[in-house]
Amino acid sequence: MAQNQRSGRELFTGRWGPSFALVGVAVGLGNVWRFPYMMGLFGGGAFLLIYLFVVAIVGVPALMAELALGRATRRGPLSAYAMAGIGAGKTVGVLLFIGVGMAMSYYLVVVGWILAYLVIAIANVGGVTNNFSSATFGWLQANWSLQVLCAAIVALGSAEVVGRGVKRGIEKASIVFVPLFGLLMILLAIRSVTLPGAWDGIVYLLTPNWGDVTRQALLAATGQAFFSLGLGGTFFVIYGSYLQDSESLPRRAVSTAAGDVFASLLAAFAVIPAVFATGLSPTSGPALLFEVLPEVCLQIPGGMVFAIFFFAGLGCVAFLSGVAAVEVLVGSLTESMSVSRRKAAWGVCMVLVVIGLPATRS
């Protein structure tokens, strides 16, 4: 187990472990859920070009700064800002810690929805149920116990991964889930673009419609870049604290951003052409994932296999993003308190499930 001699901190090791771990932080719901419908709302190719510009000019430097702060202090966000001598750093760290906890309590519920859709799709293929349509989301939201169960399963998985540590937990999970996500999305994108009528969706994605570039579109593209990359002074600070001193931060930042952009494009080509092929609307907003996509799957040949692959791939990266959030909380607690990583992980995840209960009633 690699440790930093100066701090005794466990570090990422190997060639691919840090790469997949950082990409696993960046890629998540922002790429697979939000990016396709943002392109649908704000002009397709025009939104894509603005997004790429913001990622290159703003996203990469911001990502590098967060990694640098974490590695320099060898601390998570709860104490990193104070150690770096930033004004009101302790207050900033506490606020970020609380913010991650509150966001993760809701995020657990959302990842639980993805797990539920995956199970329902598998059950449909097996002939156990026929409950997979645009009405499934309403049924799921009305089923409180199922939402809690799925959120609890996600929390248990997160606790187990984080409790195992950086090398045996986070790094190993990332090495499995990130390539699996990429493979599934590539297969889905190939299937999507080869559907009859999908060409209109491809043209829509690649043709810049500058008439749709409004102030709102510019703000949306900037927000998407930050949301998609996972910027915010938390995730990459804690993961940066686990990077070797010999790592090139500019190279890590660029490769992470490139992986994030690639994931967003794969998701867009997996979703938008299929939506066009079935005559549905690409401007459906947040409903695109949980209401429109099931209808797409019902209308295309082999659609339920498409659904299984999609929600399995989405679940992989959504889970890793959740693991990163739990790691922010657990890593910060173990730095500040005399508590083992495993106990902190299980305690944090149980508290998050309880805090997230109101979201299952929405």
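Which residues form a nonpolar patch on the surface? I found that Val94, Ile98, Met102, Val351 and Ile355 form it, with about 420 Å² of accessible area together. I note that this is a predicted model, in which local features need pLDDT of at least 70, side-chain atom pairs count only at pLDDT 80 or more, and totals for chains, interfaces and linings use all residues. Residues are numbered from 1 along each chain as its sequence is written, and side-chain values use heavy atoms, with hydrogens and water left out.

Entry 1, the patch. Like charges are joined within 9 Å, and nonpolar side chains (Val, Leu, Ile, Met, Phe, Trp, Tyr) within 5 Å. Accessible areas come from the Shrake-Rupley method with a 1.4 Å probe. I looked up the helices, which are DSSP runs (H or I, at least four residues) numbered from the N terminus. Helices α5 and α15 each supply at least two residues of the patch, and the largest share, 3 residues, comes from α5. Ile355 is found in α15. Ile355 counts as partly exposed because its relative accessibility is 36%, between the limits for buried (under 20%) and exposed (over 50%).

A pocket is an open set of points on a 1 Å grid, with protein on both sides within 12 Å along at least five of seven lines; lining residues have an atom within 4 Å of a point. I recorded a volume of about 600 Å³ for the largest pocket. Of its 29 lining residues, Leu29, Ala103, Tyr107, Phe227 and Phe235 are the closest to the centre. The largest share of this lining, 8 residues, comes from α5. I noted that the lining divides into 19 nonpolar, 9 polar and 1 charged.

A cavity is a set of grid points where a 1.4 Å probe fits but cannot get out. I found 2 cavities of 30 Å³ or more. The largest holds about 40 Å³ of space, and its lining residues include Trp33, Pro36 and Phe310. Its lining has 8 nonpolar residues, no polar and no charged. The second largest cavity holds about 30 Å³, and Ser105, Gly356 and Thr360 are among the residues that line it. Its lining divides into 6 nonpolar, 3 polar and no charged.

Methods. Points joined across faces, edges and corners; volume = space filled by probe spheres on them. Nonpolar A, V, L, I, M, F, W, Y, C, P; charged D, E, K, R; others polar. Patch = residues over 30% accessible without salt bridge, like charges linked within 9 Å, V, L, I, M, F, W, Y side chains within 5 Å. Salt bridge = Lys/Arg side-chain N within 4 Å of Asp/Glu carboxyl O. Buried < 20%, exposed > 50% of the residue type's maximum accessible area, 1.4 Å probe, protein only.
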